Amino acid sequence: MKALQETGPFAGYDSDHHPLGSYAALIGTFSTSLVGFLGWMNASGRRLPERLGWKDLALFGVATHAVTRLVALDRVFSVFRAPFTRYESDSTAGEVVETARGEGPRRALGELLDCPFCLTPWVAAGFMVASTVRPRETRFVASVFALSAASFFLHRAYERVGEGLHRTRAQARILENEQKKDSDAGVQFPGRGPQVVEPGRAPIPSPS
């Protein structure tokens with residue numbers, strides 16, 4: 001049986017192997033789950049909230065960012081990605097670089113789990129579904145991840161400040177060493193040479 005990318009209008013999509021059929025299955029799973037939840041809500045007589053307040057939107061947005069990055073890139077969470085991805089190298093801030101492996105559903109899941117952008121609608125839908133059923137508990141869990149995200153950005157800010165200080169100190173040491181070499185070689189800098197005294201005037205530094 002030919003793969004989806006080899007048949008009909010999908011033929012010639014590209015020369016590499018992309019499991020379009022498995023992508024379609026993932027999209028179908030996501031859509032069916034979301035529609036099924038909405039159908040269950042309607043059948044049970046429950047009602048969706050009219051709208052979310054900006055505080056909840058901000059909270060769930062930051063939490064979604066934190067969760068997707070943890071699942072897709074965190075070194076410790078690689079235990080969940082390992083069956084579907086291959087380790088390539090370490091990155092910064094406890095993250096790793098991985099690539100999807102295998103074919104078909106295995107590769108599609110690897111590409112999903114390795115991509116924080118691809119995971120975003122799945123995680124966001126999870127927060128929305130959970131907040132509809134158990135809002136207090138969901139806000140608590142989302143707050144944990146939101147605080148983690150805030151801490152992450154502070155850590156990165158400290159790193160940037162530290163790197164800037166290290167660069168400034170290194171440049172200062174280089175300049176100091178160059179001035180010392182020039183001084184040892186007999187090069188005079190402005191204001192350091194002999195002074196010229198004119199009658200009735202204060203001493204004037206000679207030009208370099």
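Residues are numbered from 1 along each chain as its sequence is written, and side-chain values use heavy atoms, without hydrogens and water. As the model is predicted, local features need pLDDT of at least 70 and side-chain atom pairs pLDDT 80 or more, whereas totals for chains, interfaces and linings use all residues.

Q: What makes Leu59, Phe60, Ala63, Val67, Val123, Phe127, Ala142 and Ala146 a nonpolar core?
A: A nonpolar core is a set of buried Ala, Val, Leu, Ile, Met, Phe, Trp, Tyr and Cys residues joined through side-chain atoms within 4.5 Å, and buried means under 20% relative accessible area (1.4 Å probe, protein chains only). These eight residues make up the largest such core, so the name follows from the definition.

Q: Which elements give two or more residues to this core?
A: They are helix H2 (54-73), helix H5 (116-133) and helix H6 (135-184), with H2 giving the most, four residues. Helices are DSSP runs of H or I with at least four residues, and strands are runs of E with at least two, numbered from the N terminus.

Q: Which residues is Ala142 in contact with, leaving aside neighbours within four places in sequence?
A: Ala142 is in contact (heavy atoms within 4.5 Å) with Leu59, Phe60, Ala63 and Phe127. Another core, of seven residues, lies apart and includes Ala72, Ala108, Leu113 and Leu119.

Q: How many helices and strands does the chain have?
A: There are six helices and four strands, in the order α-α-α-β-β-α-α-α-β-β.

Q: What share of the chain is buried?
A: Buried residues account for 21% of the 208 residues.

Definitions and conventions: Buried < 20%, exposed > 50% of the residue type's maximum accessible area, 1.4 Å probe, protein only.
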